[in-house]
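Trainee: I would like to learn how to read the features of a protein model with some care. Could we go through one together, taking each feature in turn?

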Amino acid sequence: MEKVTKILVHLSKNNVAPQCARFAQSITGHFTETLDEVEVKCSLENNRFTLCECEKGRGIPLKRATFCPFKYLSVAEAAAIPLDVQNRGVDVGVAILLQSANQKVLLTRRASSLRIFPNVWVPPGGHVELDERLLDAGLRELREETGLKLDPGDVSAQLLGLWESVFPPMLSRGMPQRHHVVTYMLLNTSLTHQQLQASLRPEPAEVSGCLWVDASLVKAIVYITSTNVSEVSPEGVLSESVLPLSVLCNRAPNSGEDVERVSTGTKYALVLWLKNLEGQGTRC
């Protein structure tokens, strides 16, 4: 039996045994030929993250961007991807929407020095390591990136949805180098955002800003002019600053360097969060 070195996505359809997903295939497209969103069932067992088809209304949403590279990649282009990249498979990530007792969610801005998605606003998160549960991986990433130390017993967890993430995010910006399925988990805590803010100790190598958003801010992001954000210095010290909301409305550029923006997947997760506040969602 081949030794498992990392957690990868496996796919099952028509009751066929799960197979390891290929790097150059669309995960969403495996379950739907034309749509960008579909419901699936997922499980993490024996270091395999398995997605399988399900009846509508009985799974969780899986979505890709309308400009997802693997939606448009030709057979010839897929074959031209270097073998070392093709052999990576599809990785599994977790992103934490930490909801405070007063119903605010924490977003972080990725440091400008990061090679992948620099200056992009996302929830705290990262890779799921071997033998980790999704919740444990999320709490570890939350601690590593923000300094917030929460135990599983301190939160109630809910799986909101899955996002097919590709870098670069569109073919006009280069051939795919990274391919993930990101699991967005909602963690409810009994602490207010002020209490959590007091415990924030961001890792400056990964995080350059922190922002608490509420439902009204998410809904009104297109016409509010600015909001307060906590900037992170190279030494990890937080200081208050003003961020134009137009920055959060930026979209992924078709070419050139990326810009500061809320990631497309994060916007999707925030929509799921709003729906959850209205009484919808899937329990983890």
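**Reading the aromatic cluster**

Mentor: Let us begin with the rings, where Trp163, Tyr184 and Tyr268 form one aromatic cluster. Please keep in mind throughout that this is a predicted model.

Trainee: How many aromatic pairs does the structure hold?

Mentor: There are four aromatic pairs in the structure. For the rings of Trp163 and Tyr268, the centres are 5.3 Å apart and the planes stand at 35°, so this pair is classed as tilted. Trp163 belongs to strand S10 (residues 155-167) and Tyr268 to helix H9 (residues 264-277), so their pairing ties together parts that are 105 residues apart in sequence.

Trainee: Are Trp163 and Tyr268 buried or exposed?

Mentor: Both Trp163 and Tyr268 are buried. Tyr268 also makes an aromatic pair with Tyr184, and this one is edge-to-face, with 6.4 Å from centre to centre and 70° between the planes. Because Tyr184 lies in strand S11 (residues 178-189) while Tyr268 is in helix H9, this pair ties together parts that are 84 residues apart in sequence.

Trainee: Why do Tyr184 and Tyr268 count as buried?

Mentor: The cut-off for buried is under 20% relative accessible area. Tyr184 has a relative accessible area of 4%, so it is buried, and Tyr268 counts as buried because its relative accessibility is 7%.

Trainee: How should I read a nonpolar core, and which residues have the most contacts inside the largest one?

Mentor: The general idea is that nonpolar side chains in soluble globular proteins tend to be buried together. In this structure the largest nonpolar core has 39 residues, and those with the most contacts inside it are Val9, Ile27, Phe49, Leu51 and Leu98. Helix H5 (residues 134-146) supplies the largest share of this core, namely five residues. A second, separate core is made of 28 residues, among them Ala65, Leu245, Val247 and Ala269.

Trainee: Which residues does Ile27 touch, once those up to four places away in sequence are not counted?

Mentor: With those set aside, Ile27 touches Val9, Leu11, Ala21, Leu51, Leu62, Val90, Glu164, His179 and Val181.

Trainee: What is the N to O distance between Arg133 and Asp136, and how accessible are Arg133 and Asp136?

Mentor: The side chains of Arg133 and Asp136 meet in a salt bridge at 3.0 Å, N to O. Arg133 is partly exposed at 48% relative accessibility, and Asp136 is also partly exposed, with a relative accessible area of 29%. In the salt bridge of Arg261 with Asp258, the closest N and O atoms are 2.9 Å apart; Arg261 is buried, with a relative accessible area of 2%, and Asp258 is buried as well, with 15%.

Trainee: Where is Lys63 found, and which residues is Lys63 in contact with beyond its neighbours within four places in sequence?

Mentor: Lys63 is found in strand S5 (residues 60-64), and it is partly exposed, with a relative accessible area of 27%. Leaving those neighbours aside, Lys63 is in contact with Thr28, Asp36, Glu37, Leu162, Trp163, Glu164 and Tyr268, and this list includes Trp163 and Tyr268 of the aromatic cluster. Lys63 and Val9 are 54 residues apart in sequence, and their C-alpha atoms are 15 Å apart in space.

Trainee: Is Ser165 buried or exposed, and what is Ser165 in contact with?

Mentor: Ser165, placed in strand S10, counts as buried at 15% relative accessibility. With neighbours within four places in sequence left aside, Ser165 is in contact with Phe117, Arg178, His179, His180 and Val182.

Technical notes. Residues numbered from 1 in each chain as written. Predicted model: local features only at pLDDT ≥ 70, side-chain atom pairs only at ≥ 80, totals over all residues. Heavy atoms only, no water. Core = buried A, V, L, I, M, F, W, Y, C linked by side-chain atoms within 4.5 Å. Buried < 20%, exposed > 50% of the residue type's maximum accessible area, 1.4 Å probe, protein only. Helix = DSSP H or I, 4+ residues; strand = E, 2+ residues; numbered from the N terminus. Contact = heavy atoms within 4.5 Å. Phe/Tyr/Trp six-rings, centres within 6.5 Å; stacked < 30°, edge-to-face > 60°. Salt bridge = Lys/Arg side-chain N within 4 Å of Asp/Glu carboxyl O.
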